[in-house]
Amino acid sequence: SFMKGLENLPYRKGVGIMLLNQETKVFIGKRIDNTKAWQMPQGGIDDKEDIESAAKRELKEETGITSIEIIKKSEKEFIYDLPNELLGKIWDGKYKGQKQTWFLIKFTGSQSEINIKQKKAEFYDWRWTDPLELPKLIVPFKKKLYEQVIEEFKTYL
């Protein structure tokens, strides 16, 4: 069956960024391709790219932000599985989900640096939110992952 083959697909290696402002609020964007869902910046790791460089690149590509200070890299990788209706549809159907390393990063720039109107824009709206609000705002299949990320970084939040 279709599903059977997909179970053997690998996870896409990725990074996620929990970006904090001075008030310890977290940056979230509203996705262009899923207008109901908010999410933190995240993306794939390119071949031969180190994890920290990938995180900085993704953050810049999605938000324009470069004034940052890395507080902590997650101790472990976090995994989420795509829901069945997305399997085979995104990432050219090559992956069954993502395995992500997350970074807790402090935004040290001014608000004017934030620009989501990038070349390959991912977000059409953004805001700062309370970290504990995150699981309520995220697309359901990433909820558990977000709870784990919050748990990992909770001493800083």
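## Ground rules

The model is predicted, so local features need pLDDT of at least 70 and side-chain atom pairs count only at pLDDT 80 or more, while totals for chains, interfaces and linings use all residues. Residues are numbered from 1 along each chain as its sequence is written, and side-chain values use heavy atoms, leaving out hydrogens and water.

## The overall fold

You'll find four helices and eight strands here, where helices (H or I, at least four residues) and strands (E, at least two) are DSSP runs numbered from the N terminus. Starting at the N terminus, they go α-β-β-β-β-α-β-β-β-β-α-α. The radius of gyration, taken over C-alpha atoms, is 15 Å, close to the 15 Å from the globule rule (2.2 Å times the number of residues to the power 0.38) for 157 residues, so the chain is as compact as a globular protein of that length.

Of those 157 residues, 45% count as buried, meaning under 20% relative accessible area with a 1.4 Å probe and protein chains only.

## Helix H4

Which residues of helix H4 are buried? In this helix (residues 143-153), they are Leu-145, Tyr-146, Val-149, Ile-150, Glu-152 and Phe-153. They sit on the same side of H4, because their arc around the axis is only 160°, going by the directions from the helix axis to the C-beta atoms.

Their cover includes strands S1 (11-20) and S7 (97-107), plus helix H3 (134-137).

Conventions:
Buried means under 20% relative accessible area, exposed over 50%, partly exposed in between (1.4 Å probe, protein chains only). Contact means heavy atoms within 4.5 Å.
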